[in-house]
Amino acid sequence: PSLIETAGYCLRGALDHWSRTGCNHLADINDIRAITERVNGGYNGYDERVAWFNKLWPQLRGEAPAESWKAALSSPSTMLLQEKLVQLGYDIKVDGRYGPKTTEAVTAYQKANGLKVDGIAGDITMASIAARLKATGPATGSAVAADPPGLATPIAGGLGAISIAEAGKQLTDQADALRGYAEFSSVIGYAAGVLMAIGVGIIAVGIVRTYIVPALRPAKAPVPE
């Protein structure tokens with residue numbers, strides 16, 4: 001640990017985490033949202049990170065200022081998000097770039113479904129969108145910018161299970177971070193293993209509550225007229 005405080009090693013931990021979590025590929029396609037989640041385990045500081053990128057990127061390239069999403073290549077994960085939003089009736093372009101229209105659609109969905117409104121399609125928002133599609137199916141007719149009818153009420157019981165799964169993911173992310181320091185102490189390695197086991201268990205509970213339990217419930221008999 002004392003080596004980390006020296007000039008020759010001070011960035012080793014950060015660079016190791018950057019490589020292990022695949023951030024180079026995400027940087028190539030300028031997926032700031034995914035990089036923020038992998039580095040921070042959440043999206044704190046996301047807006048500031050985008051603002052700094054917008055300020056520095058044009059200067060590095062000798063170009064006029066531009067928004068970061070315009071410099072991005074197409075991201076498969078963003079394209080999948082856009083496809084799902086279009087299925088729910090949002091009028092956006094499926095191009096794999098997380099621009100203002102995609103942010104507006106995500107914000108509108110979050111407002112309509114009782115989620116934290118930040119315009120960031122994190123794990124909870126993505127899980128909610130998947131559950132919404134599973135419950136209602138794709139919207140029919142022409143796409144609209146606002147929520148289609150019937151989408152204003154959160155899925156009963158769904159968000160609780162999604163929150164459980166999110167808590168489990170946070171634990172597994174913390175366990176992954178600890179593993180990088182397991183070589184310094186067997187106690188750290190043991191703690192990482194325990195956190196990973198607990199996190200996986202919590203994720204399993206969330207999945208069971210969201211998908212398996214509803215599927216096992218007997219169908220309601222039709223009410224006679």
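## Basis

The model is predicted, so local features need pLDDT of at least 70 and side-chain atom pairs count only at pLDDT 80 or more, while totals for chains, interfaces and linings use all residues. Residues are numbered from 1 along each chain as its sequence is written, and side-chain values use heavy atoms, with hydrogens and water left out.

Helices are DSSP runs (H or I, at least four residues) numbered from the N terminus. Axes are lines fitted to C-alpha atoms over the stretch in contact, and angles run from 0 to 180 degrees between N-to-C directions.

## α6 against α7

Helix α6 (residues 76-87) packs on helix α7 (residues 100-112) at an angle of about 55°, with the axes 11 Å apart. That makes α6 oblique to α7; angles under 35 degrees count as roughly parallel, over 145 as roughly antiparallel, 65 to 115 as roughly perpendicular and the rest as oblique.

The crossing of α6 and α7 is left-handed, meaning that the near helix is turned anticlockwise from the far one by less than a right angle. Leu81, Gln82 and Leu85 of α6 touch Thr102, Ala105 and Val106 of α7 (contact: heavy atoms within 4.5 Å). These residues divide into four nonpolar, two polar and no charged. Ala, Val, Leu, Ile, Met, Phe, Trp, Tyr, Cys and Pro count as nonpolar, Asp, Glu, Lys and Arg as charged, and the others, Gly among them, as polar.

From α6, Leu81, Lys84, Leu85 and Gln87 meet Met126, Ile129, Ala130 and Leu133 of α8. The contact has six nonpolar residues, one polar and one charged.

The axes of α7 and α8 come within 11 Å and cross at roughly 75°, so these helices are roughly perpendicular. Val106, Tyr109 and Gln110 of α7 make the contact with Thr125, Ser128, Ile129 and Arg132 of α8. Here the residues are three nonpolar, three polar and one charged.

## Ring contacts

Lys55 lies over the face of Trp52, at 4.5 Å from the ring centre (rule: NZ of Lys or CZ of Arg within 6 Å of the ring centre and within 35 degrees of the ring normal).

How values were computed:
Helices (H or I, at least four residues) and strands (E, at least two) are DSSP runs, numbered from the N terminus.
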